[in-house]
Amino acid sequence: MLGLAVLDFGSQYAQLIARRLREKGVYAELFPWDAQPETVLAMAPQGFVLSGGPASVYEPNAPYIPEYVLESGRPVLGICYGLQALAHQLGGRVARAPRREYGLAWLHVPEANPLLPVGRHRVWMSHGDRVEALPPGFQALGHTENSPYAAIGDPARGYYGVQFHPEVQHTPIGPEMLHRFAVRVAEATDDWRPEGRIPQLVEAIRRQIGPGRALAAVSGGVDSAVAAALVHRAIGDRLTAVFVDTGLLRQGEREEVTRTLRGLGIPLRVVDASRRFLQALRGVTDPEQKRRIVGETFIRVFEEAARDLGSPRFLVQGTIYPDVIESRAPERRHAARIKTHHNVGGLPERMGFELVEPLRYFFKDEVRRLGLALGLPARWVWKQPFPGPGLAVRCVGEVTPERLARLRAADAIFREELEKAGLLGPPRPEGPNPVAQAFAVLLPVRSVGVMGDQRTYHEVVVLRAVETEDFMTADWARLPEDLLARVASRIVNEVPGVNRVLYDVTTKPPGTIEWE
Ligand code: XMP
C-alpha cells in the first residue's frame with residue numbers, strides 16, 4: 001500500500017504524526033527508527049517523516065536516520081529531532097541553543113514554499129538543540145526568535161525539516177503542512193479512508209481463517225465489537241462471539257451487548273459467570289489482587305466456553321494500532337507498570353489460539369468509522385472505555401453484591417444526567433463537547449448525614465469525569481454546577497446506603513483516571 005512511513009525517534013507525539021496524516025486522507029504507518037529496513041520498505045513508502053525525540057544528535061549512541069531512507073531517493077520531512085538528525089547527517093551543524101525553547105512561538109515565513117504559505121504562523125516548540133549551520137543544498141524557509149532555521153528545505157532532493165511540532169494541536173498550520181509535504185512533495189494521494197479498506201480486510205480474514213472457525217471475545221467495548229463485526233462479514237456464522245458476564249458490569253450493559261450483537265446477526269454466547277467472579281473476589285481489597293483474580297477467572301471461564309463450543313482454532317482480538325505501537329516502541333518497553341491492565345491477553349498463549357487482529361493498523365477514530373460502516377449504532381461506537389476488571393476497580397474496598405448494586409445505581413444516575421445534558425455519546429456539531437470518560441466510584445468510607453430527622457451513617461460516592469485525548473494524561477472535566485448538584489441530590493435520595501457525593505478534581509498525572 002502506498003503512503004508515508006513515519007519513523008519514531010522516541011517522541012511522545014510520534015503517533016500523532018501518523019494520525020494527522022491519515023485524518024487528511026494520506027495513509028501513514030509508524031515504525032521504530034531502527035526497524036528492519038525490509039519491514040518499512042514493504043509498504044513502499046512514497047516519503048518518510050522523522051519524528052522528534054529526546055536525544056541529542058551528538059550524544060554517543062544517538063538514534064540516526066538509517067541509510068535506506070537517504071538512499072531511497074524519496075522525500076524526507078524531519079520534525080524537531082528529525083530535523084536535527086537531517087542537518088547533522090547531511091553536513092550541517094547542530095548545537096545546544098542558548099536557551100531551551102518551549103511553548104508557543106511565531107514562525108516567520110518570508111517567501112512561499114512547498115510546505116508553508118507566506119506569513120506569521122503560530123507554532124509549538126519543544127527543543128534544547130538547534131540547527132546552527134545548514135547542510136549543503138538547504139535553504140532557510142522560516143525562523144522564530146530563537147531558531148534561525150526553524151524551517152529548512154532542499155527542494156531539489158525533497159528534503160525538509162521543521163524545528164516545531166506540526167502534529168500537536170497548538171500548531172494550527174500543522175495538519176495543512178503535513179498534507180502539503182505528503183501531496184506536493186512526496187506525491188502521495190489523499191483519498192485514503194478507513195471504510196474503503198473493508199473489502200481488503202474481509203478478504204485477508206477469509207484467507208487467514210480458510211474453512212476454519214473462530215471465537216471473538218467481546219467485552220462490550222468498541223474495538224472487540226468492530227473486530228467481531230468485520231470477521232462476521234468475512235466468515236459469517238463460523239464466528240461465535242463470547243460475552244462473559246462477570247457480575248462487574250454496569251447497569252444495562254449485558255442487555256445492550258446482547259441486543260446489539262444479535263441485531264447484527266452475529267451468533268452470540270453469553271456466559272453468566274457472575275457468581276464465580278464474586279466468589280473469587282470475596283474478602284479481597286488490594287487493587288492488584290482484584291485485577292489478577294478477575295484476569296485469571298476470565299481466562300478459566302473463557303477456556304471452558306471455548307471447549308464447549310468445540311475449541312475453534314482462531315481467536316479474534318480487537319487490538320488497535322496504538323496497542324501495537326506501544327508494545328514495540330523502543331523506549332516504552334521498560335515503562336514502569338502502574339496497573340496490570342486486563343484484556344484478553346494471555347488467552348492465545350495458554351490456549352494455542354491463532355490470532356485474528358483485523359484492527360491492528362487502525363486508530364481509535366478510524367475504528368469508530370469502520371464500526372459505523374459495519375452497522376454498529378452510533379451510540380455504541382462512541383462508548384467510553386470501560387476497564388477489563390470492571391466495577392471491581394471502582395468499588396474501592398471489598399466487592400460485595402450490595403456494594404456493587406449501590407455503585408451501579410449511582411453510576412447509572414450520573415451517566416443518565418450526563419447524557420441528558422448532551423455530555424455523553426457522539427460529539428454533535430453544535431452543543432458541548434462530550435466528556436472523554438465519566439463514572440462513579442464507591443468508597444469504603446462512611447460519613448454521618450441527616451435525612452428527614454434521622455441520623456445516617458452511610459458510604460461515599462465519588463464522581464469522576466475527565467477530559468483527555470489519549471488517556472495518558474487527563475484533566476478533570478469542568479462539569480456545570482447545576483448538573484453536579486442534580487446528580488448528587490439524586491444519588492443521595494435514590495441510592496440506599498449512600499449519603500455523600502464528592503467530585504474528583506485530580507489531574508492525571510499525578511492521579512490516574514480510575515481509582516484502583
Ligand atoms: P488509568 O486509571 O490508568 O486509566 O489512568 C487509563 C484508561 O485505561 C482504562 N483502564 C483499563 N482498560 N483494562 C482496560 O482495558 C484495564 O485493566 C484498565 N484499567 C484502566 C481506564 O478506564 C482509562 O480509560
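Please keep in mind that the model is predicted.

**Rings that pair up**

The count of aromatic pairs comes to 13. Two of them are set out below.

| Aromatic pair | Arrangement | Centre to centre | Angle between planes |
|---|---|---|---|
| Tyr-13 and Trp-124 | edge-to-face | 5.9 Å | 90 degrees |
| Trp-476 and Tyr-503 | edge-to-face | 6.1 Å | 75 degrees |

Let's begin with Tyr-13 and Trp-124, a pair that links distant parts of the chain, 111 residues apart. Tyr-13 belongs to the loop between strand E1 (4-8) and helix H1 (14-23), while Trp-124 is part of strand E6 (residues 119-133). Is Trp-124 buried or exposed? Trp-124 counts as buried, because its relative accessibility is 9% and the cut-off for buried is under 20%.

Now for the other pair in the table. Trp-476 is in strand E17 (residues 475-476) and Tyr-503 is in strand E18 (residues 498-503), so their contact ties together parts that are 27 residues apart in sequence. Trp-476 has a relative accessibility of 21%, so Trp-476 counts as partly exposed.

**Charges over rings**

Aromatic rings here also meet arginine side chains. Over the face of Trp-106 lies Arg-120, at 4.1 Å from the ring centre. Phe-386 has the charged end of Arg-250 over its ring, 4.0 Å from the centre.

Definitions and conventions:
Residues are numbered from 1 along each chain as its sequence is written. This is a predicted model: local features need pLDDT of at least 70, side-chain atom pairs count only at pLDDT 80 or more; totals for chains, interfaces and linings use all residues. Side-chain values use heavy atoms; hydrogens and water are left out. Rings of Phe, Tyr and Trp (its six-membered ring) pair if their centres lie within 6.5 Å; planes under 30 degrees apart count as stacked, over 60 as edge-to-face and the rest as tilted. Helices (H or I, at least four residues) and strands (E, at least two) are DSSP runs, numbered from the N terminus. Buried means under 20% relative accessible area, exposed over 50%, partly exposed in between (1.4 Å probe, protein chains only). A charge sits over a ring if NZ of Lys or CZ of Arg is within 6 Å of the ring centre and within 35 degrees of the ring normal.
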